[in-house]
Amino acid sequence: ALGMESRLVGADTTSIYPPSARQLPRVGYQRALSAEGLLSLAPGLILASGDAGPPAVVGQVRRAGVRWVTVNSAHTPDAPVEKLLTVGTALGRAELAATRIREYETEWARTRAIVAAQASRPRAIFVMAHGGPTLNLAGRDTAADAMLTLAGCDNALDFKGFKTISTETLLAAAPEVIVTTTQSIAGFGGIPSLLARPGLADSPAARMRRVIDFDALFLLGFGPRTPQAVLQLAQRARRAA
């Protein structure tokens, strides 16, 4: 968003946008980094989420003299503003960041007005299965729940974090729409396999094949594309329901 991607010398495995990021050397998963892998790229600055680690590696990299800046990873409409400001300041481009922040705030105000004008509130669940066929469902205090709320949907599940739940609990949730990621669809082996899972198969969403999917980073990243992600989720959920 700041036009500074040419400064990047590496990325973790979850950093797949923009497309040019896929060509960068990989340093592993953000929660399981190694100091050797990071330092081998001779970075002068590391931008990381609060989840990046483990802490011992962060400390080792800092002791090696590399500047480490933690970027806010909150799941709110203000998070992209904070991220732009943090990254822009770290790169010496605070004025450019301020311009992009104004553009973002205009985009977000437009999206918020469109969502607020929509009367219906689809009853939805979010399912993730990037690592295989297990149903991981999103409750409160998750990026998925925040996106559902911002898009004017009601999360049909009332617990905290991601959980696997019983078939009976899932049946009782009776979702009208199933929201998931493109990566999860691949992990399940396709939409038919997902809809055949116990607890989902008899839900209103499965009977009407109401499944909508998005790229995980686009939907859950809470970056500058958040207004577009919220708007698309709101519109697609209502069309599905």
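Two residues are in contact when they have heavy atoms within 4.5 Å of each other. Leaving aside neighbours within four places in sequence, Val211 is in contact with Ile178, Thr180, Ile185, Ile191, Leu194 and Leu195. This is a predicted model, in which local features need pLDDT of at least 70 and side-chain atom pairs count only at pLDDT 80 or more, while totals for chains, interfaces and linings use all residues. Residues are numbered from 1 along each chain as its sequence is written, and side-chain values use heavy atoms, with hydrogens and water left out.

Val211 lies in strand E8 (residues 211–214); strands (E, at least two residues) and helices (H or I, at least four) are DSSP runs numbered from the N terminus. Val211 counts as buried because its relative accessibility is 14%, and buried means under 20% relative accessible area (1.4 Å probe, protein chains only).

Now for the nonpolar cores. Each is a set of buried Ala, Val, Leu, Ile, Met, Phe, Trp, Tyr and Cys residues joined through side-chain atoms within 4.5 Å.

| Core | Residues in core | Some members |
|---|---|---|
| Largest | 34 residues | Phe126, Met147, Leu220 |
| Second, separate | 19 residues | Ile125, Phe159, Phe188 |

Leu220, among the members of the largest core that touch the most others, is in contact with Phe126, Met128, Ala143, Ala144 and Met147, leaving aside neighbours within four places in sequence.

What do the buried residues of H4 pack against? They pack against H3, H5 and H11, and they include Tyr104 and Trp108.

Notes: Buried means under 20% relative accessible area, exposed over 50%, partly exposed in between (1.4 Å probe, protein chains only).
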